[in-house]
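Open the model in your viewer and keep the selection panel at hand. The tour goes one selection at a time.

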Amino acid sequence: SDLVEALGAVLALVERWETHLRATYAFDPEGAYAVARASETRWRERRPLSALDGVPVTVKENIASKGVPVPLGTLATTPIEALEDAPPIARLREAGAVIFSKTTMPDYGMLSSSLSSFHPLTRNPWDLTKTPGGSSSGAGAAAAAGYGPLHIGTDIGGSVRLPASWCGIFTL
């Protein structure tokens, strides 16, 4: 029950801080626990899918997950449920990663702040009066707050690099 306990510790931290940080979107603890239990069984039977099997992960909301609306951080779109997983989500699922939430972003990912017309304002965990940066705002805040070890964002003009530097974390 180590993987389930690890997920529980991450989710307890999310529950404690999320009302202040507002980093998550489409939070799914029940689904995450089901994936963690299946992963735990694979590890016990010595047949893990990969080194990521059972690892808690968040993914930026603009990366499509089957069945989850993709609002692109803005009220200017009509969020429709994704019909299939984008490649990063598909690879994470194949590896057995436990995707427990999507993370917030500003409108269309076009701001260096966390300002979004769709999501609540995401805050920097080091100083709640400040932004975590953007556009991978929720990913940066989640990583700095310890919402698990891995957070997937996107970057064209600094969208993971700005939150990393503003939140005191690193990114690849």
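Predicted model: local features only at pLDDT ≥ 70, side-chain atom pairs only at ≥ 80, totals over all residues.

Now select all of α1, residues 2–21. The helix has 20 residues. From first C-alpha to last it reaches 27 Å, close to the 28 Å expected at 1.5 Å a residue.

Arg22 follows α1, and its phi is positive, near 55°.

Go back into α1 and show side chains. Select Val4, Leu7, Val10, Leu11, Val14, Glu18 and Leu21; these are buried.

Center on Leu7. Leaving out residues up to four places away in sequence, Leu7 touches Ala32, Tyr33, Ala36, Pro56, Val98 and Phe100.

Widen the view to the core around that residue. The largest nonpolar core has 15 residues, and Leu7, Phe100 and Tyr147 have the most contacts inside it. At least two residues of this core come from each of α1, α2, β3 and α4. The largest share, 6 residues, is supplied by α1.

Last stop: select Val59, Ala86, Ile89 and Leu92. They are among the 12 residues of a second, separate core. As a general point, nonpolar side chains in soluble globular proteins tend to be buried together.

Technical notes:
Residues numbered from 1 in each chain as written. Heavy atoms only, no water. Helix = DSSP H or I, 4+ residues; strand = E, 2+ residues; numbered from the N terminus. Expected span 1.5 Å × (residues − 1). Buried < 20%, exposed > 50% of the residue type's maximum accessible area, 1.4 Å probe, protein only. Core = buried A, V, L, I, M, F, W, Y, C linked by side-chain atoms within 4.5 Å. Contact = heavy atoms within 4.5 Å.
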